[in-house]
Amino acid sequence: MISSQRIKINIPKKADMSTDSFEESCALLETAFDNVFSDHSGDVSFEKTYRLVYELVRFRYEAELYKRLREYLTRRFQQLRRTRLDEGSAQDGWGFLERLATLWLDTNRHLKSVRDLTLYLDRTYCDRNRVPGIIEMGLIEFSSCVLMPLKDRLTREFVSGVADIRSRGKLSDSDPHTESLRTLVSMMETILGDEDNFFVEHVQASLLEESGRYYSGLISSIDLQPMQGFTKVKELMRFERALDRTFLNSDAEAKIEKRIENVLIWENFDTMIAPLLATAMTDFSHELLAELYGLTADKRYRLKLKHVIMETVVAYLAAIRLDDTEKKKSLVGAKWALRIIDSYNKYQDLLQQFEFESEPKNQAQKQAQSQEDNDSTMDVDSPDSSGKQSATSLLNETFSRFFQQHRQQSVQFLCFYMDSCLKRTADKTEISAVRKQVLECAKLIKLLPDKDEFTLIYKNQLSKRLLQQRSSVDTERFVVRRISEELGSFFTYKLETMLRDISTSGDIARSFAASQRQRAPEMSFDFAPEVLTMTSWPFQNIDDLVVEDIVLPRQLEAARLGFEAFYNKKYNERSLRWAHNLGSLEIGHQFDRTYHDLVMPVYAGIIFLLFADHAELTTEAIADLTNIPEQELIRQLLSLVMSSKSRILKKSPPTKSIARTDRFTVNTAFTAPTTRVKVQTIVGNLPGIRTETNTNQQLDRERVSATNAAVVRVLKQQHTLAHAQLFDETAAAVRPTFALTPATFKKSLGFLLAKEYVQRDPDDPALYHYLA
Amino acid sequence: MPLSKQNFEALCYACRTGDAENADRLISTGVNINQVDKFDNSPLFLASLCGHENVVRLLLERGAICDRDRHEGARCIYGALTDSIRDILLSYDISKAFDTNQPFATHISSLLNDDELQTSDMQVNCGDGIGHSVHKFMLSARSPTLASMISQPESDKDSILQIECPSDTLSIFLKFLYLMPILHEMKPADFASLIKLADSFNLNLLREFLDKARHMTDPVEKSSLMISYQYKFTELARKQLKDFVHDHIINGYLETGSESVVPITSTSIATDIKSFPDMYLKVNDPQGSTRVYPCHMAMLSRADFFKHMLFNDMKEGEEYLNRENKTQSEPRDNIPLCISLPSCSHEVGEIIINYLYFDSTDIPSSLAIDVLRVADYILADRLKNLCAAVITQSAHLLDTNSIFDILQLAWDTGVERLEQFSAKYIAENIRSFDSYSRLETAIKDSSKRISERQQTDTIELVADIRFYILQKYDLDPDDLSLLESEADDLEFLRSIGLLDYKTDMSIIESLLERLNLII
C-alpha cells in the first residue's frame, strides 16, 4: 500500500521566487494594501498577493513581514485619522460621529481583505507563534492610532449625540444618527482595552453621568401633579428604553435604566408614586396599579411598592368602622366581617395578576420572627424559591398582620358572620349563596392568630344551631369539612363528632318511631330525641343541665320511657340522661282569632301544656306541678308573659316581676302575622348556655394545658433551657393554635414547677431543668 | 491480498495504536468500516477497547455503527476503556439520527442551494417557480441521463432545468444527489413520485433503497437501513465523481507548454467540453509542460485558499462572480478564471484534484512530500495530516532525506505528526549520529521558537526527544527519581534501562551546554 518509490524533499530555491528581493515583495504588497484601503480591491490579484506572502513566509521572512505589516497599518491608520477625522475639527458633533462610524465600517472591511491577502501568514506565523492574528493586530493598531487619541473627543461627542436625540424626543426607524451610534457602540465594544472593552472603560461612565443629569434637570424643571408627572415619567422611560435599545447592548442598557430610574422614580417616589399608589388602592383601579407596577422591573422598586400596598391595605381595613346603629353585637360583628371579606375579595381581584418580589434573604430571616407570630400556615403560601410572592400570599400576609392587631374582634366577628350566614341555611334556597360566602370567610380563618378561640366560639354557636335546628345540617357538615381543610382536623375533631351525633340521633329517632308505631300507633306527636356525646359538646358539667325530677305531661313521659327502654335495649351499656332545657316543643293552639304553631323550649312547653287542664295557675302551683327549678321557672314565665312578639300567657297582676302568688292564664287574644311563632326566651345568666367569661376561662384552661404539654416536650429534648429560649420554643410549638402570651406561659410554668415536672436552677433562676 | 482487505487490516491496526491520521486516510480509501476482522473485531471495538478517544470519535463521525441492540455495538460499549469513550459511544447510538459529518459528503451537501459562495450555474425547478441552485457538473456526474439532458443546447442557454414532479419530491431528490440524509424527510406520499424519478434517471441504488424503505415502519430498522444505504450512496457518489474527474478533468487538461502565461481562449477550449468548468487550475511541472485542468470552484473551495479567494472583493472574486454575465455578453471571448498551484508535477496536481473532488487519499509515498507542500499552500489541513501519515510510513524516507530535513518540513508546514516522528527518530538513534551539528542547529532553531512563544519554558524539541527516550527504555518519568536517590546498585539501574537513559540524555545535555541553553 505504501509505495516503495524514492521520496525526496525538494529544497526550495530562491530562484523560484517571483520577485528578486524582500524589499521588492514588500513594495508590491504595499501597493496591494493601498488598493484595498482606497477601495480598489478589484485591482488586486488575490492569487498573486497570496503567492507573494507565501513565498516570503517560506523563505523565513515571516517575522519581518508581520512587523512591516504592522508598521504599514500604523501609518495607514494615523493618516486616516488625520485626513478623515482631524481636519475641520470645528465640524459639528454628528459629522464627527458619522465619519468615525463610516471609518470603522470601512476598516472592518479593509482589514478582512488584508487578512485574506495575508492568509498564509495568518494561518502559519500567527497561529504557531501565538501572536495576534492579522485582523486582531489591525484592531489593536486602529485602537492605538485612531481611537485612543480621540478618546475624549469621542466620549464628548458621543454623549452629546445621545443628548441630542433625547432632546428631539422622538425616534424614527431609519434615523441615520441612531444608526451611527449603534455602529460606534459596536466598534467600542469590539476594541478591547486592558480591563474591558473601550466602551466600558472610557465612555460608559460619562454616558451614565450625563443621562442622569439630563433627566434630573428635565423632571425638576417641570412641576406637575402626580398623575401628569407619572405619565411624563412613563413616557420618558419608554422613550429612553426604546432609544437605548437601538444602540446599546443589554448590559449598558440596564445600567442606564437604573441610573434614570434613580432620578425619575426614587427622587419622586413620595411626591408622585406614593400618592398615585394610594389612589389606585382606594379606587381599586387595576389599570393604574398595573401601570405603576409595570413602570420598571427593578426589584427594589417593586419591594417598595409591595410594602406600600400592604400598609395601605392594613390602613384600609383598620378604617372599617363598626356600625353603631345596630344594637346587637353579633349583627355589628357580622357586618364588619362581611366588609373585611369583601375587601379581601376586592383586593384579590385587584392584585391577582401581579407577582410580588419577596423579601431578600437576610431581611426575611429578621422578619421571620414577626411573621411567624402572624401565621404559620403561611408556610403553604410562603414565597417560592424564585423570590416571587403571589398576590394571595401577599394578601394573606397582610390580613394576618391586620388580624394580629385586632385579635379579639376578628375572631369573634368572623364567628358571628359565620353564624349569621349559617342560620340563613334553615331556608333551603339560601344554601348555595351561603356556601359561597362561607368559603370566602374560611380563607380568612386560617389567617387568625388565635385559631383555638375561633374553634371554641364556633363550637358554641354550632351547638346552638344544631339543637335549635336553625341551619341545614348538610351545610354545617360542608363548612366543618372546609374549616378542617384550612386549619387541620385537630381543630374540627369535636365539631365533627357533634355533627355525627346529630345524624346518628336522626337514625335512632327513625327506628324508634318505627318500633313505636308497631306497639302504640296512636302516638299523637312527633318525637325527635337527640343523643349527644357529652365530651364533644360545649357543656361543662352534666349536672348543670340535667334536672332529674321534672314532671312531664303524660304523653311526653310515655315517650320518654318508651325511648329509654328502646335505647337501653340497643346500647345497654350506655346511660341516658335528659337535658330538657336543650330541647324544644312545638305545640299547635287555636287562639281566639288565629291558629298558631308555637315553638318553645321544653320547660316553657311543659308550663303551657298545664293550661290544657287548668284555666288559671299560680306560680307556686306551676312549680309544684312541674318541678322546674325556681330560677328557670321564673325565666320561662317571664318569657311567656313579657316577650313582645310571643306573649301567650297573661299574668295578674301585670307587673314586671314574678311573685309566687301571681296568677297566669292563656292569652286567648294572642295573634301574630305568621302561623309559626317562636317563643323567645329572655336571656338570663344561667348554666348550660356559655357566656363570654366562660369562654375565656375555658380558653385559658385549654391554653395552659396545651402550653404545659409544649413546655414538657421542649424541655424533654433540651433538658435545660433559659427562660427566654424556653418561651420562644414553646411559642413556636403552640403557634399553629394560638399566640402564646407571657401570662399563659407563666401560669403553665407555675403549674409545672409545682408538680415538679420542671425545676428552677438553684443558682440561676432564669434557668429551667427537666425532671424526668 | 486485495487492496481493500489490506487497507481494512491497516485500519484495524491504526485503531489499535490510536493513529488517527492514518485511520482517517484509510477510511477515505472507501474501506467499509463496519466490517470485522478475522477475530470478529470491528475497528470501532478495537479503538474503544484500546482507549483511543480521538479514533473512536473519528470512526463514529465517519459512520461507524454503534447499535446497542446488536452484539457488535454492545461489545463496543462494554469494552470501552474509559467512561468518556463509553459516553461518546452512547451519544452516537443508532437511535440518533444518522450523522453525515463526513468530510466528503458534508461538503457536497453544503453546495446545494448555497447562496454564500454562489458556485451554482443552473436552476432546477418543477414548474412551480421555486428554483433550486445546482451545479451542472454535479448532476452530470451523478446521472448519465441528467448529463445528456443538461448538455442539450437549449437547456444550456437559460441554465434552467425543468423536472416534472411534485415540489417536495424534487427537493428530496436533489438532496439525494447532494448526499443529504433523506429518510426522515420522506413522507409516504413521496415514495411513488420518487420511484418514478429514480427510474427515469436510472438511479438503481436509490430505487433499491426506496423499495426497501417504503414498507418499513420500525424506526430502528429504518435507521439502520439508512445508515447502510447512506454509506452506499456516498460510495456510489464517490465513484461517480471519481469517474467524472478522470474522464473530464484529469483527461480534459490542456497542454500549454512550459510558458507560464498562456491565455486560455475560446479557441483552446473544446466547445463540446462536458465538464462545465467555471475555472481552470494551472499546474506547472518544473520538469515539463504546464497543464490546465478544467475545474469547479464548488469543489476546490473545500480548501481555504480557494474559499477565501471567492469570499472577498478582489480581482479573482469579482471575476468569478461576473462569469455568468460575461459569457452572456461576450460569449467565450474572455479568459476564464485561472489559478496556479505552486510549481509541482502533474501527478501532484492530480492528487490534489482527486482529494478535493472525491476525498481520494491515494497518495504515493514518493509524492507525499510534494503533496504536503501544495496542501500547505492551499490551506488544506486534513490533506496535510493525511500526507504526514503516508510520509511517516514510508519505508525509504530516510534513505534520501535527513531526519532534520523532515523536522524542518514539519516546522514549515506545521504538521505535528512529523515533529513527533522526527523527535522519536532522533531519540531512538541518538547514539548513532555521525555528527551532532545538525541536531545542535535543530535544537537552536527550536529554542528560538520559544523566545517567540514567551511563555513556554522548555525547548519543545528537547522535551519531545526526552519523552521518546523514556519511551524507548520503557521508563516512566517517576522512575527518574531512582537516579537521584543514592542507589548504587548499578546492576539494577542498568537492568531497568536507567543507565541507558542517562547515557542518551547526557548527549543531549552536552549539546545544550555547548549552546548555552538551560532547561
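# Strands, helices and cores in chains A and B

User: How many bridges join S6(A) to strand S7 of chain A, and do they run parallel or antiparallel?

Analyst: Four bridges join S6(A) to strand S7 (residues 663-666) of chain A, and the two run antiparallel. Strands here are DSSP runs of E at least two residues long, helices are runs of H or I of at least four residues, and both are numbered from the N terminus. Two strands count as paired if DSSP finds at least two bridges between them.

User: What am I looking at, and how is it numbered?

Analyst: It is a predicted model, in which local features need pLDDT of at least 70 and side-chain atom pairs count only at pLDDT 80 or more, while totals for chains, interfaces and linings use all residues. Residues are numbered from 1 along each chain as its sequence is written, and chains are lettered from A and ligands numbered from 1 in the order in which they are written.

User: Back to chain A. What stands opposite A:Leu649?

Analyst: A:Val666 in S7(A). The sheet there is open, with three strands in the order S5-S7-S6 (chain A) and antiparallel pairing. Its edge strands are S5 (617-618) and S6 (649-652) of chain A, each of which pairs on one side only.

User: And S3 with S4 in chain A, which sense?

Analyst: Antiparallel: S3 (residues 584-590) and S4 (residues 595-601) of chain A pair over seven bridges. They form a hairpin with four residues between them. Within that pairing, A:His589 stands opposite A:His596 in S4(A).

User: How does S4(A) run with strand S8 of chain A?

Analyst: Parallel, with three bridges joining S4(A) to S8 (residues 676-678) of chain A. A:Leu598 is set opposite A:Val677 in S8(A).

User: Helix H2 of chain A: what should its 13 residues span?

Analyst: At 1.5 Å a residue the 13 residues of H2 (residues 46-58) of chain A should span 18 Å, and the end C-alpha atoms are 18 Å apart, so the two agree. The expected span is 1.5 Å times one less than the number of residues.

User: Which residues in H2(A) are buried?

Analyst: Among them are A:Phe46, A:Tyr50, A:Leu52, A:Val53 and A:Leu56. Buried means 20 or more other C-beta atoms within 10 Å of the residue's own, exposed means 12 or fewer, partly exposed is in between, and C-beta atoms are placed from the backbone. Just after H2(A), A:Arg60 takes a positive phi of about 65°.

User: Switching to chain B. How many helices and strands?

Analyst: Chain B has 29 helices and seven strands. Of its 519 residues, 42% are buried.

User: Where does UniProt place the feature "repeat: ANK"?

Analyst: The UniProt record, an unreviewed entry, puts it at residues 39-64 of chain B. Over residues 39-64 the chain is 62% helix and 0% strand, with the end C-alpha atoms 18 Å apart.

User: What is the order of the four-strand sheet in chain B?

Analyst: S4-S6-S5-S7, as an open sheet with mixed pairing. S4 (254-255) and S7 (338-340) of chain B are the edge strands, each pairing on one side only. S5 (residues 279-284) and S6 (residues 290-295) of chain B run antiparallel and are joined by six bridges. There, B:Val283 stands opposite B:Arg291 in S6(B).

User: Which residues touch the most other members in the largest nonpolar core?

Analyst: B:Leu11, B:Val371 and B:Cys387, out of 199 residues. Helix H14 (residues 219-250) of chain B gives the most to this core, with 10 residues. A nonpolar core is a set of buried Ala, Val, Leu, Ile, Met, Phe, Trp, Tyr and Cys residues joined through C-beta atoms within 7 Å.

User: Is B:Ile469 buried or exposed?

Analyst: B:Ile469 is buried, because 25 other C-beta atoms lie within 10 Å. The residue lies in helix H26 (residues 460-472) of chain B. B:Ile469 and B:Tyr501 are 32 residues apart in sequence, yet 6.6 Å apart in space, C-alpha to C-alpha. Leaving aside neighbours within four places in sequence, the contacts of B:Ile469 include B:Ala427, B:Tyr501 and B:Met505. Contact means C-beta atoms, placed from the backbone, within 7 Å.

User: How many residues does the contact take from chain B and from chain A?

Analyst: 38 residues from chain B and 29 residues from chain A. On the side of chain B that touches chain A, helix H20 (residues 365-377) of chain B gives the most, with six residues.

Terms used
Two residues are in contact if their C-beta atoms, placed from the backbone, lie within 7 Å. UniProt positions are given in the numbering used here, feature names are shortened, and annotations may be inferred rather than shown by experiment.
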